[in-house]
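Biologist: Hi, I have a model open and would like to walk through it with you. Could you show it here so that we look at it together?

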Amino acid sequence: MAELVTFYMDGQAYQSPKGMNLVDAAKMQGIDIPVFCYHPKLDAVGMCRMCLVELGSVSVNRGTGEVERDEHGQPVVRWNPRLQTACTQTVTEGMTVRTTTEVVVNGRDSILEFLLTSHPLDCPVCDKGGECPLQNLTMGYGPGRSRFVFDDKIRLDKHVPLGELIYLDRERCIQCARCTRFCDEIVGDNVLAFHERGRRMQIVTISDPPFDTKFSGNTTDICPVGALTTTDFRFGARPWELEEEATICPYCPVGCNLSAGTRLDRDSGGRKVIKRIMPRQNEWVNEIWICDKGRFGHHHSRAEGRLEQPMMKQGREWAPVDWATAYGMIAARLKQHGKSLGVLGSPELSNEDLWALRKLAGLTAPDAPLGVWPATMTGGDLVAQAGVGSGTRLRDIGPETAILVIASDFEEEAPIWWLQVKQAAERGATLVVANARPTKLDRYASVTVRYQYGAAADVLDDFLAHALQQGTPASVTETRVPGLAELQAARREGEMAYVEAADALLGVENLLIFAGGEGLSLAGHRELMQAAANLLIVTGRAGRDNSGLVAVWPGANMQGAYDMGFSAEATQTLLDNPPQMWIIAGANPIEEDSHVAEAIRAAEFVVATALFMTPTAQQADLVLPRQSFAERAGSFTNGLRRVQRFNPVQGIIGESLPEWRIFANIGEQLAGPRSPVSAGAVMREINAAVPGYAEASYPRLAYVEEQFPLVGGDDLYYGGTSYFNLAGLGYPIPPAAENEAATLPVRAIQRAEPEIAGGLTAVPVRLLYDRGPLFEPSALMHHRVPQPYVELNVADAAQLDISAGDRVVVSGEGFRAEVIARVDECAPVGYALLPLQLAHKPMPTVPVACTIQKIGG
């Protein structure tokens with residue numbers, strides 16, 4: 001625990017951790033020191049001078065070391081001769097501060113007067129109006145008048161695009177440098193800088209393409225004026241017109257907390273719609289940041305082409321039917337084909353949806369495999385066993401923790417985790433990045449490990465060999481860890497690989513493993529997850545706070561799907577033995593994988609729930625309109641196994657329904673239980689039946705506590721316009737390893753067979769910006785989505801006579817695509833990196849042999 005010191009502010013004594021920033025220490029005591037450039041998540045720079053205070057220190061006798069006192073017995077204070085910036089000071093014992101004296105008031109008056117000399121008087125049309133720190137501080141601390149001559153005002157450009165997402169009004173900018181510092185300190189992207197000097201100093205973008213970062217929208221949140229605004233919200237509404245509703249990002253396993261600004265919209269027929277997405281503070285998850293995909297990728301919720309009523313295929317045409325007819329038809333088919341039923345869920349589904357789907361399948365086929373799509377990663381049971389402790393908070397990680405990121409292009413797959421791990425490394429955490437190719441995270445790694453695609457589990461098995469050589473903790477016994485003796489017996493002797501990385505990971509107290517699935521088959525990923533669990537369990541590092549196994553899942557609720565009983569192994573079983581009837585919920589496998597398409601097309605009857613008429617929906621016999629994340633209530637379980645609730649934030653599109661209600665209503669037709677009245681009622685069933693979820697009730701998910709830094713209050717100048725979390729911080733499901741009485745079985749992995757050189761292997765990779773059904777409707781993001789491409793190593797390209805920019809055909813078993821060639825040193829020799837969901841056609845979802853031929857060559 002940090003040492004507490006006593007400091008004095010305006011005559012009152014307070015205690016604070018030694019070394020805390022003075023502005024933060026005052027804030028924790030309920031005292032506001034006005035700031036523009038300071039932000040509690042950024043380093044202090046003292047640029048704006050708004051936080052001026054009188055600063056003194058208690059005088060200490062050099063001879064005796066005693067505090068000197070005046071004739072009244074009060075400590076003698078030595079005051080600095082000039083005002084000091086509070087944001088550049090840290091609290092020390094005896095520090096004395098005055099914030100309300102005449103000299104301080106005059107100093108703040110002068111700062112505000114100078115700032116306003118060239119600031120435009122366009123508050124009535126400014127998007128920041130109503131939530132503007134400059135407005136608030138001018139009213140609270142300003143002089144109320146100006147001596148400046150209007151003709152001397154500097155006039156600058158007012159509509160400067162810093163890329164396609166952010167606009168800059170140069171006249172409004174007060175040069176606080178929050179935006180440039182955010183990009184530099186938090187994100188590490190060198191994309192913004194200052195240009196010119198003095199009153200003509202301006203923000204410019206210095207990257208190509210402009211403002212090239214995945215986190216650009218956060219700069220508009222922390223901008224203390226209306227200088228930076230988003231294309232999405234610009235002139236769209238006034239902040240005071242909006243209702244803020246809590247929701248969760250539907251895209252990746254981080255589970256970012258969002259606040260949806262909504263209002264009744266004339267252009268949408270008077271329906272309540274989302275006007276903007278903002279971060280909602282959750283220091284346990286995303287802190288106060290979100291990526292641009294989560295911020296700008298909400299347009300699918302009201303996009304043209306949304307399905308609005310059930311559709312039945314009649315020959316080659318689609319005919320609308322009512323829900324009662326649809327339910328009756330599905331129930332009849334389930335009675336006919338129920339013993340041969342295939343169920344395919346999606347990480348877009350909530351826990352409640354998945355549970356209702358599981359119950360429906362159980363009414364006619366209790367042993368039906370519950371598949372999930374994408375079916376490329378597994379090991380949800382191992383995360384439940386050896387996952388991180390329930391007190392895990394990535395923002396707290398420091399030198400006591402080692403982090404391993406393996407088989408993942410982290411920034412593309414989980415952007416906020418990438419940001420938090422990057423910051424943890426800068427705070428002193430040991431970071432090891434292991435992949436078959438370079439990724440952006442390498443620049444912050446203590447050690448990087450390169451391996452051949454398919455051999456990721458072998459790397460962790462080598463780390464385990466190092467750990468076994470060093471011996472196991474006393475708490476790791478055969479009773480506690482069944483299979484330990486076999487694991488020790490299988491230990492390989494001889495020269496060990498990856499010594500530097502193993503020493504780095506095993507040399508500190510905690511070990512946090514983020515395991516992706518790049519370059520792995522389903523079986524290979526199972527071995528990777530087992531190897532990670534083995535290492536954590538045998539070294540006694542599973543189930544601790546900030547220590548354990550985390551899967552970098554595709555989608556928002558893949559962990560929840562596994563917890564609800566769905567798995568990729570079940571999907572494989574369904575593909576090996578195709579059923580006569582399919583229920584495909586929220587997934588689009590036909591567009592993504594030709595082998596799945598064949599199995600589905602061969603069925604007697606296919607039911608699909610969908611937002612749009614996707615290729616999978618088009619192959620169905622009956623399509624049911626599902627609700628987007630914005631129209632329904634439910635919960636997601638993020639990659640850290642934190643269950644979080646989201647709420648309906650906008651009006652319902654047509655007759656669409658949440659999946660849990662659809663499946664429950666079908667179940668009623670089969671003499672099943674009565675449909676629950678709400679998503680909360682479904683969660684109560686989950687609480688009673690699913691291991692670990694007993695405490696994850698809706699009231700528990702709504703639990704909130706004061707978080708620091710305090711943001712989103714009346715003093716928006718302090719933390720920006722991220723929102724207070726009033727809807728709940730979620731509930732972390734504790735892993736089995738957190739229980740000292742639990743057994744944690746391990747097993748030796750099956751090491752990868754060496755590949756025989758020759759030919760090219762296509763390796764699917766995931767990109768943040770793609771053309772998936774959820775993201776493609778956000779037209780303003782299309783500039784960020786690349787054209788379909790294949791990435792080749794220079795040596796392979798030369799052998800094939802392919803240059804960067806050439807159009808090529810990539811083909812293999814079950815796929816053929818025309819794409820653009822990218823040539824660099826990043827792709828390993830012998831491998832072609834093929835991004836998923838860029839072309840609207842099936843691509844390999846696991847590594848497969850391929851051929852590449854230049855078009856016209």
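This is a predicted model: local features need pLDDT of at least 70, side-chain atom pairs count only at pLDDT 80 or more; totals for chains, interfaces and linings use all residues.

Biologist: Thanks! And how do you assign helices and strands?

Modeller: They are DSSP runs numbered from the N terminus, with helices (H or I) of at least four residues and strands (E) of at least two.

Biologist: How many residues of H21 are buried?

Modeller: Eight of its eleven residues are buried, so H21 is largely enclosed by the rest of the structure. Buried means under 20% relative accessible area, exposed is over 50%, and partly exposed is in between, using a 1.4 Å probe and protein chains only. Among the buried ones are Trp660, Ile662, Phe663 and Asn665.

Biologist: What do those buried residues pack against?

Modeller: Their partners include helix H7 (323–337), H8, strand E24 (581–585) and helix H22 (679–689). Contact here means heavy atoms within 4.5 Å.

Biologist: Tell me about H8. At what angle does it pack against H21?

Modeller: H8 (residues 351–364) and H21 (residues 659–669) pack at about 20°, with their axes 8 Å apart. That makes the two helices roughly parallel. Angles under 35 degrees count as roughly parallel, over 145 as roughly antiparallel, 65 to 115 as roughly perpendicular and the rest as oblique. The axes are lines fitted to C-alpha atoms over the stretch in contact, and the angles run from 0 to 180 degrees between N-to-C directions.

Biologist: Which residues meet there?

Modeller: From H8 you have Glu352, Asp353, Ala356, Leu357, Leu360 and Leu363, and they meet Glu659, Trp660, Phe663, Ile666 and Gly667 of H21. That contact divides into seven nonpolar, one polar and three charged residues.

Biologist: New topic: how many salt bridges does the whole structure have?

Modeller: The search finds 48, a salt bridge being a side-chain nitrogen of Lys or Arg within 4 Å of a carboxyl oxygen of Asp or Glu. One of them joins Asp381 and Arg526, at 2.7 Å from N to O. This pair links distant parts of the chain, with Asp381 in helix H9 (residues 380–386) and Arg526 in helix H15 (residues 522–538), 145 residues apart. Asp381 is partly exposed, at 42% relative accessibility.

Biologist: How far apart in helix H4 are Arg181 and Glu185?

Modeller: They are four residues apart in H4 (residues 178–187), which means a separation of about one helical turn.

Biologist: Which residues form a salt-bridge network?

Modeller: Lys41, Glu283, Glu287, Arg393, Arg395 and Asp396 are linked in one.

Definitions and conventions. Residues are numbered from 1 along each chain as its sequence is written. Side-chain values use heavy atoms; hydrogens and water are left out. Ala, Val, Leu, Ile, Met, Phe, Trp, Tyr, Cys and Pro count as nonpolar, Asp, Glu, Lys and Arg as charged, and the others, Gly among them, as polar.
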